[in-house]
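User: I'm new to this one. Could you pick out one part, look closely at what surrounds it, and then show me how the rest connects?

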Amino acid sequence: MPYETILFDISDRVACITLNRPEKLNAFTARMHEELHEALKQVYAGDTVRALLITGNGRGFCAGQDLNERAMSDGEAKVELGSALEKSYNPLVRGLRELSMPVICAVNGVAAGAGCNFALAADIVIAGRSASFIEVFSRIGLIPDAGGTYALPRLIGAARAMALSLLAEPISAEQAVNWGLIWKCVDDDKLMSEARELARRLAAGPTRAYGLIKQALNASPANTLEQQLALEAKLQREAGRTADFQEGVKAFLEKRTPRYQGR
Ligand code: T3D
């Protein structure tokens with residue numbers, strides 16, 4: 001599929017998806033969802049990719065759903081948004097959360113609505129200092145979707161999640177770091193070099209273990225201590241069987257840098 005709304009490339013075992021509708025702050029369209037689905041399929045399928053980096057082109061990261069696709073004249077049948085979510089946003093968020101490799105999101109500008117929650121579905125979010133995050137939904141009479149009502153209270157607590165969602169006010173990248181919404185904020189001109197460096201570092205790491213770490217931490221909020229201990233034992237059993245674990249121990253004992261194969 002030739003991409004019109006995203007850029008996609010793979011180098012140094014890192015796949016990079018760049019949302020590419022800069023004139024509309026990279027708002028999601030149906031076409032963009034199709035292309036993201038296709039690109040993620042390529043990431044899943046290839047055994048060369050060991051980390052995924054996501055960013056946006058231009059001054060915005062993503063302004064959420066393109067509202068031109070939701071314009072309704074009086075009397076016109078309303079779009080069935082539940083189905084729209086099931087078809088596009090939900091698989092997208094699930095796809096990132098379940099991807100068995102690290103997903104890094106470099107937020108280069110405003111991240112609004114589903115654009116904000118798409119970013120928060122990544123494993124590590126790093127933002128440029130001028131970026132902002134807005135749970136903009138209630139401004140147009142909607143609720144946070146794309147996993148926002150899941151991620152927000154878990155990341156920043158119930159009080160902040162509620163106020164952000166009800167008030168739909170932007171928060172700066174620095175505030176997002178202070179609240180624990182994202183990992184890090186850097187100067188705008190350093191964003192892509194830092195994010196790429198991070199992605200390359202993770203792509204050279206023990207990929208299977210990273211996938212298992214994601215599984216363990218993503219399951220944690222719903223589990224009791226007993227369930228989580230059992231899950232850790234199950235996943236550590238798997239990690240202990242990988243060639244990377246063997247290499248990690250060997251490299252430690254030989255006092256050298258490990259050479260992980262991702263298996
Ligand atoms: O529908 C479903 O499937 C359910 C799922 C919904 C998920 C959602 O994401 S709902 C929320 C949708 N998003 C919004 O409501 C955000 C709308 N945008 C804004 O509020 C503002 O653009 C921002 C706060 C994000 C940024 O403001 P600012 O002043 O920096 O930029 P701007 O001038 O408003 O936008 C620049 C251009 O992008 C402008 O186009 P123009 O006038 O220059 O041709 C603007 O219309 C366009 N744009 C920005 N956001 C969207 C958009 N066009 C279409 N849809 C957008 N979401």
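Analyst: Let's start with a term: contact means heavy atoms within 4.5 Å. This is a predicted model, where local features need pLDDT of at least 70 and side-chain atom pairs count only at pLDDT 80 or more, while totals for chains, interfaces and linings use all residues. Residues are numbered from 1 along each chain as its sequence is written, and side-chain values use heavy atoms, with hydrogens and water left out.

Our part is H33. You'll find H33 in helix α1, residues 30–45 (helices are DSSP runs of H or I, at least four residues, and strands are runs of E, at least two, numbered from the N terminus). H33 counts as buried because its relative accessible area is 11% (buried is under 20%, exposed over 50%, partly exposed in between, using a 1.4 Å probe and protein chains only). Not counting residues up to four places away in sequence, H33 touches F28, S88, Y89 and L92.

Now for the nonpolar interior. A nonpolar core is a set of buried Ala, Val, Leu, Ile, Met, Phe, Trp, Tyr and Cys residues joined through side-chain atoms within 4.5 Å. The largest one here has 50 residues, and L52, F61, V107 and F133 have the most contacts inside it. Setting aside neighbours within four places in sequence, L52 meets a list of residues including A15, I17, L40, V43 and L96. A second, separate core has 14 residues, among them L53, I104, L191 and L198.

For contrast, take L67, in the loop between β4 (60–62) and α2 (81–98). L67 is partly exposed, because its relative accessibility is 48%.
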